[in-house]
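Let's take a walk through a protein model together. Keep the picture open while you read.

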Amino acid sequence: MNETKVTEFILLGFGNLHGFNILFFILFLIIFFFTVIGNLMIIVLVLVNSKLQFPMYYFLCHLSFSDLVISTNVVPNMLGAILYGGKTMTYIGCIIQFYFFTGTIITECFLLSVMSYDRYLAICNPLRYSSIMDLKFQNCLSLWPWLLGLTLNITGIIPVSKFNFCRGNIIDHVYCDLLPLQKLSCSDTSFVELEVFLLSMPTFILPCAFIIGTYVYIFFAIAKIPSTIGKQKTFSTCSSHLIVVGAFYGTLIAKYMIPSRGQSLIINKIVSLLHSLITPLFNPMIYSFRNQDIKIAFRKCFSQ
(Lines give C-alpha, C1' and ligand atoms only; values in the text may rest on other atoms or scores of the structure.)
Protein backbone atom coordinates (compact mmCIF):
# COMPACT_ATOMS: atom_id res chain seq x y z
CA MET A 1 0.00 0.00 0.00
CA ASN A 2 1.05 3.60 -0.59
CA GLU A 3 1.87 4.84 2.91
CA THR A 4 2.52 8.59 2.92
CA LYS A 5 3.35 10.87 5.80
CA VAL A 6 0.21 12.88 6.48
CA THR A 7 0.94 16.42 7.65
CA GLU A 8 -2.62 17.74 7.59
CA PHE A 9 -6.23 16.60 7.47
CA ILE A 10 -9.28 18.12 5.82
CA LEU A 11 -12.24 18.10 8.20
CA LEU A 12 -15.49 17.93 6.20
CA GLY A 13 -17.91 18.51 9.07
CA PHE A 14 -21.40 17.99 7.66
CA GLY A 15 -20.13 18.20 4.09
CA ASN A 16 -22.54 19.54 1.49
CA LEU A 17 -25.40 21.33 3.22
CA HIS A 18 -27.06 22.23 -0.11
CA GLY A 19 -26.72 26.00 0.27
CA PHE A 20 -27.66 26.11 3.95
CA ASN A 21 -24.08 26.53 5.13
CA ILE A 22 -24.59 30.10 6.35
CA LEU A 23 -27.83 29.20 8.13
CA PHE A 24 -26.27 26.25 9.99
CA PHE A 25 -23.14 28.28 10.72
CA ILE A 26 -25.18 31.05 12.37
CA LEU A 27 -27.34 28.54 14.30
CA PHE A 28 -24.36 26.60 15.68
CA LEU A 29 -22.47 29.84 16.38
CA ILE A 30 -25.38 31.10 18.50
CA ILE A 31 -25.54 27.79 20.39
CA PHE A 32 -21.78 27.89 20.92
CA PHE A 33 -22.00 31.49 22.17
CA PHE A 34 -24.65 30.60 24.75
CA THR A 35 -22.71 27.45 25.72
CA VAL A 36 -19.62 29.51 26.53
CA ILE A 37 -21.56 32.30 28.26
CA GLY A 38 -23.72 29.85 30.25
CA ASN A 39 -20.82 27.82 31.59
CA LEU A 40 -18.71 30.90 32.31
CA MET A 41 -21.65 32.39 34.19
CA ILE A 42 -21.99 29.27 36.36
CA ILE A 43 -18.27 29.46 37.22
CA VAL A 44 -18.36 33.19 38.00
CA LEU A 45 -21.54 32.95 40.11
CA VAL A 46 -20.10 30.15 42.23
CA LEU A 47 -16.78 31.94 42.71
CA VAL A 48 -18.20 35.36 43.68
CA ASN A 49 -21.37 34.43 45.58
CA SER A 50 -20.81 33.43 49.21
CA LYS A 51 -24.11 31.52 49.33
CA LEU A 52 -22.81 29.12 46.67
CA GLN A 53 -19.59 28.25 48.53
CA PHE A 54 -20.54 24.60 48.99
CA PRO A 55 -18.91 21.42 47.64
CA MET A 56 -21.85 20.71 45.30
CA TYR A 57 -21.34 24.01 43.48
CA TYR A 58 -17.56 23.71 43.60
CA PHE A 59 -17.84 20.44 41.67
CA LEU A 60 -20.36 22.09 39.36
CA CYS A 61 -17.65 24.67 38.54
CA HIS A 62 -15.36 21.87 37.40
CA LEU A 63 -18.17 20.34 35.32
CA SER A 64 -18.80 23.70 33.63
CA PHE A 65 -15.08 24.12 32.97
CA SER A 66 -14.88 20.65 31.40
CA ASP A 67 -17.86 21.54 29.18
CA LEU A 68 -16.01 24.68 28.12
CA VAL A 69 -12.94 22.62 27.23
CA ILE A 70 -15.01 20.21 25.13
CA SER A 71 -16.85 22.95 23.23
CA THR A 72 -13.91 25.29 22.61
CA ASN A 73 -11.75 22.34 21.55
CA VAL A 74 -14.20 21.05 18.94
CA VAL A 75 -16.69 23.70 17.81
CA PRO A 76 -14.43 26.42 16.25
CA ASN A 77 -12.99 23.97 13.70
CA MET A 78 -16.44 22.50 13.10
CA LEU A 79 -17.83 26.00 12.41
CA GLY A 80 -15.02 26.61 9.92
CA ALA A 81 -15.81 23.31 8.18
CA ILE A 82 -19.51 24.24 7.94
CA LEU A 83 -18.85 27.75 6.63
CA TYR A 84 -16.25 26.85 4.01
CA GLY A 85 -17.29 23.27 3.22
CA GLY A 86 -14.14 21.94 4.86
CA LYS A 87 -11.45 22.92 7.35
CA THR A 88 -7.75 22.13 7.14
CA MET A 89 -6.19 20.84 10.36
CA THR A 90 -2.56 19.97 10.94
CA TYR A 91 -1.75 16.40 11.91
CA ILE A 92 -0.56 17.58 15.34
CA GLY A 93 -3.69 19.73 15.76
CA CYS A 94 -5.91 16.73 15.02
CA ILE A 95 -4.11 14.52 17.54
CA ILE A 96 -4.23 17.28 20.20
CA GLN A 97 -7.96 17.78 19.59
CA PHE A 98 -8.58 14.05 19.89
CA TYR A 99 -6.51 13.87 23.10
CA PHE A 100 -8.23 16.74 24.90
CA PHE A 101 -11.71 15.74 23.74
CA THR A 102 -11.46 12.13 24.92
CA GLY A 103 -9.50 13.12 28.03
CA THR A 104 -12.16 15.63 29.07
CA ILE A 105 -14.94 13.11 28.41
CA ILE A 106 -13.20 10.69 30.79
CA THR A 107 -12.79 13.54 33.30
CA GLU A 108 -16.54 14.27 33.15
CA CYS A 109 -17.33 10.62 33.87
CA PHE A 110 -15.32 10.84 37.09
CA LEU A 111 -16.64 14.32 37.94
CA LEU A 112 -20.24 13.12 37.69
CA SER A 113 -19.28 10.23 40.00
CA VAL A 114 -17.79 12.70 42.50
CA MET A 115 -20.96 14.80 42.36
CA SER A 116 -23.11 11.71 43.03
CA TYR A 117 -20.87 10.79 45.99
CA ASP A 118 -21.29 14.33 47.33
CA ARG A 119 -25.09 13.99 47.15
CA TYR A 120 -24.84 10.55 48.79
CA LEU A 121 -22.90 11.97 51.75
CA ALA A 122 -25.21 14.99 52.08
CA ILE A 123 -28.41 12.91 52.08
CA CYS A 124 -27.38 9.57 53.60
CA ASN A 125 -24.83 10.84 56.12
CA PRO A 126 -25.79 14.47 56.83
CA LEU A 127 -24.38 14.63 60.39
CA ARG A 128 -20.86 13.78 59.23
CA TYR A 129 -21.05 15.56 55.87
CA SER A 130 -19.19 18.72 56.92
CA SER A 131 -16.42 16.82 58.67
CA ILE A 132 -15.90 14.40 55.76
CA MET A 133 -16.25 16.90 52.92
CA ASP A 134 -13.68 19.36 54.21
CA LEU A 135 -11.69 21.65 51.92
CA LYS A 136 -8.76 19.25 51.56
CA PHE A 137 -10.98 16.28 50.61
CA GLN A 138 -13.03 18.52 48.32
CA ASN A 139 -9.92 19.66 46.44
CA CYS A 140 -8.69 16.08 46.21
CA LEU A 141 -12.00 14.85 44.76
CA SER A 142 -12.01 17.61 42.14
CA LEU A 143 -8.34 17.16 41.16
CA TRP A 144 -8.35 13.37 40.65
CA PRO A 145 -10.88 13.34 37.76
CA TRP A 146 -8.62 15.68 35.78
CA LEU A 147 -5.48 13.69 36.56
CA LEU A 148 -7.16 10.40 35.66
CA GLY A 149 -8.78 11.77 32.50
CA LEU A 150 -5.63 13.35 31.10
CA THR A 151 -3.25 10.51 32.07
CA LEU A 152 -5.35 7.41 31.29
CA ASN A 153 -6.02 8.91 27.89
CA ILE A 154 -2.30 8.86 27.07
CA THR A 155 -2.41 5.07 26.78
CA GLY A 156 -4.87 5.46 23.91
CA ILE A 157 -3.39 8.50 22.19
CA ILE A 158 0.15 7.09 21.77
CA PRO A 159 -0.81 4.17 19.45
CA VAL A 160 -3.24 6.42 17.53
CA SER A 161 -0.46 8.94 16.91
CA LYS A 162 1.60 6.13 15.32
CA PHE A 163 -1.04 5.26 12.70
CA ASN A 164 0.10 5.16 9.08
CA PHE A 165 -2.44 6.76 6.74
CA CYS A 166 -2.79 5.42 3.21
CA ARG A 167 -6.44 6.19 2.47
CA GLY A 168 -6.19 9.94 2.06
CA ASN A 169 -6.44 12.74 4.58
CA ILE A 170 -10.14 13.65 4.39
CA ILE A 171 -11.97 13.20 7.71
CA ASP A 172 -15.69 12.93 7.00
CA HIS A 173 -16.68 13.89 10.52
CA VAL A 174 -17.25 16.93 12.75
CA TYR A 175 -13.99 16.52 14.68
CA CYS A 176 -10.96 14.23 14.92
CA ASP A 177 -12.25 11.03 16.48
CA LEU A 178 -11.04 7.46 16.67
CA LEU A 179 -13.43 5.92 14.12
CA PRO A 180 -12.70 8.31 11.21
CA LEU A 181 -8.95 8.09 11.91
CA GLN A 182 -9.18 4.29 11.86
CA LYS A 183 -10.93 4.42 8.48
CA LEU A 184 -8.04 6.43 7.01
CA SER A 185 -5.34 4.25 8.56
CA CYS A 186 -3.69 1.26 6.90
CA SER A 187 -2.14 0.17 10.22
CA ASP A 188 -3.41 -2.74 12.26
CA THR A 189 -5.88 -1.03 14.62
CA SER A 190 -7.00 -4.17 16.48
CA PHE A 191 -4.67 -3.39 19.41
CA VAL A 192 -6.14 0.10 19.72
CA GLU A 193 -9.69 -1.28 19.61
CA LEU A 194 -8.84 -3.77 22.38
CA GLU A 195 -7.17 -1.04 24.41
CA VAL A 196 -10.17 1.28 24.06
CA PHE A 197 -12.51 -1.54 25.08
CA LEU A 198 -10.41 -2.34 28.18
CA LEU A 199 -10.06 1.35 29.03
CA SER A 200 -13.84 1.83 28.84
CA MET A 201 -14.32 -0.40 31.89
CA PRO A 202 -12.61 1.85 34.49
CA THR A 203 -13.41 5.14 32.73
CA PHE A 204 -17.04 4.77 31.57
CA ILE A 205 -18.72 1.66 32.96
CA LEU A 206 -17.42 1.73 36.56
CA PRO A 207 -18.25 5.43 37.10
CA CYS A 208 -21.73 4.82 35.69
CA ALA A 209 -22.20 1.81 37.98
CA PHE A 210 -20.96 3.88 40.93
CA ILE A 211 -23.49 6.64 40.17
CA ILE A 212 -26.33 4.10 39.96
CA GLY A 213 -25.21 2.52 43.26
CA THR A 214 -25.08 5.84 45.11
CA TYR A 215 -28.54 6.81 43.88
CA VAL A 216 -29.98 3.49 45.02
CA TYR A 217 -28.85 4.39 48.55
CA ILE A 218 -30.09 7.97 48.07
CA PHE A 219 -33.57 6.80 46.99
CA PHE A 220 -33.78 4.47 50.00
CA ALA A 221 -32.80 7.37 52.27
CA ILE A 222 -35.39 9.66 50.67
CA ALA A 223 -38.09 6.98 51.03
CA LYS A 224 -37.51 6.98 54.80
CA ILE A 225 -38.27 10.72 55.11
CA PRO A 226 -41.72 10.95 56.70
CA SER A 227 -43.06 14.14 55.08
CA THR A 228 -43.84 14.51 51.38
CA ILE A 229 -42.45 18.05 51.34
CA GLY A 230 -39.22 16.78 52.89
CA LYS A 231 -38.93 14.10 50.23
CA GLN A 232 -39.50 16.59 47.42
CA LYS A 233 -37.03 19.09 48.86
CA THR A 234 -34.34 16.44 49.32
CA PHE A 235 -34.85 14.95 45.87
CA SER A 236 -34.71 18.40 44.24
CA THR A 237 -31.11 18.79 45.44
CA CYS A 238 -30.00 15.91 43.19
CA SER A 239 -32.57 15.99 40.36
CA SER A 240 -30.48 18.39 38.25
CA HIS A 241 -27.48 16.08 38.56
CA LEU A 242 -29.58 13.07 37.55
CA ILE A 243 -30.81 14.84 34.41
CA VAL A 244 -27.27 15.86 33.46
CA VAL A 245 -26.03 12.28 34.03
CA GLY A 246 -28.84 10.93 31.85
CA ALA A 247 -28.05 13.36 29.00
CA PHE A 248 -24.29 12.76 29.22
CA TYR A 249 -24.39 8.97 29.33
CA GLY A 250 -27.25 8.83 26.82
CA THR A 251 -25.16 10.51 24.10
CA LEU A 252 -22.04 8.61 25.22
CA ILE A 253 -23.75 5.22 24.85
CA ALA A 254 -25.29 6.21 21.51
CA LYS A 255 -21.89 7.28 20.19
CA TYR A 256 -19.43 4.73 21.53
CA MET A 257 -21.31 1.66 22.71
CA ILE A 258 -23.76 1.10 19.85
CA PRO A 259 -21.89 -0.75 17.05
CA SER A 260 -20.82 1.71 14.36
CA ARG A 261 -21.97 -0.65 11.60
CA GLY A 262 -25.53 -0.13 12.75
CA GLN A 263 -25.27 3.63 12.44
CA SER A 264 -25.36 5.77 9.33
CA LEU A 265 -22.62 8.39 9.05
CA ILE A 266 -25.07 11.27 9.42
CA ILE A 267 -26.51 9.78 12.65
CA ASN A 268 -23.00 9.41 14.05
CA LYS A 269 -22.30 13.04 13.20
CA ILE A 270 -25.53 14.22 14.82
CA VAL A 271 -24.78 12.28 18.03
CA SER A 272 -21.26 13.76 18.00
CA LEU A 273 -22.77 17.22 17.59
CA LEU A 274 -25.09 16.62 20.55
CA HIS A 275 -22.17 15.47 22.67
CA SER A 276 -19.84 18.35 21.81
CA LEU A 277 -22.26 21.28 21.43
CA ILE A 278 -25.74 20.62 22.84
CA THR A 279 -24.90 18.73 26.06
CA PRO A 280 -22.40 21.41 27.25
CA LEU A 281 -25.22 23.97 26.78
CA PHE A 282 -27.76 21.67 28.40
CA ASN A 283 -25.82 21.43 31.69
CA PRO A 284 -25.85 25.14 32.71
CA MET A 285 -29.45 25.46 31.53
CA ILE A 286 -30.57 22.59 33.77
CA TYR A 287 -28.78 23.95 36.83
CA SER A 288 -29.94 27.52 36.09
CA PHE A 289 -33.62 26.64 35.69
CA ARG A 290 -33.95 23.91 38.33
CA ASN A 291 -31.63 25.08 41.11
CA GLN A 292 -33.11 27.75 43.36
CA ASP A 293 -29.74 28.90 44.72
CA ILE A 294 -28.34 29.45 41.21
CA LYS A 295 -31.47 31.39 40.18
CA ILE A 296 -31.26 33.63 43.26
CA ALA A 297 -27.55 34.27 42.67
CA PHE A 298 -28.25 35.04 39.02
CA ARG A 299 -30.99 37.58 39.87
CA LYS A 300 -28.82 39.15 42.58
CA CYS A 301 -25.91 39.50 40.14
CA PHE A 302 -27.99 41.34 37.54
CA SER A 303 -30.02 43.41 39.97
CA GLN A 304 -26.92 45.19 41.30
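Which residues line the largest cavity? They are Met 56, Phe 59, Met 115, Asp 118, Arg 119, Thr 237, Cys 238, Ser 240, His 241, Tyr 287 and Asn 291. A cavity here is a set of points on a 1 Å grid over the protein atoms alone where a 1.4 Å probe fits but cannot get out, and lining residues have an atom within 4 Å of a point. The elements that give two or more residues to this lining are α2 (55-84), α3 (91-124) and α9 (228-257), with the largest share, 4 residues, coming from α9. Helices are DSSP runs of H or I with at least four residues, strands are runs of E with at least two, and both are numbered from the N terminus.

Before we go on, a word on the model: it's predicted, with local features needing pLDDT of at least 70 and side-chain atom pairs pLDDT 80 or more, while totals for chains, interfaces and linings use all residues. Residues are numbered from 1 along each chain as its sequence is written, and side-chain values use heavy atoms, leaving out hydrogens and water.

Now look at Ser 185, in the loop between α7 (178-184) and α8 (190-223). Is Ser 185 buried or exposed? Ser 185 counts as buried because its relative accessibility is 2%; buried means under 20% relative accessible area, exposed over 50%, and partly exposed in between, with a 1.4 Å probe and protein chains only. A polar atom of the Ser 185 side chain lies 3.1 Å from the backbone oxygen of Asn 164.

Terms used
A polar contact is a pair of N or O atoms within 3.5 Å; within protein, one must be able to donate a hydrogen and the other to accept it, and residues adjacent in sequence count only if both atoms are side-chain atoms. On a 1 Å grid over the protein atoms alone, a cavity is a set of points where a 1.4 Å probe fits but cannot get out, and a pocket is an open set with protein on both sides within 12 Å along at least five of seven lines; lining residues have an atom within 4 Å of a point.
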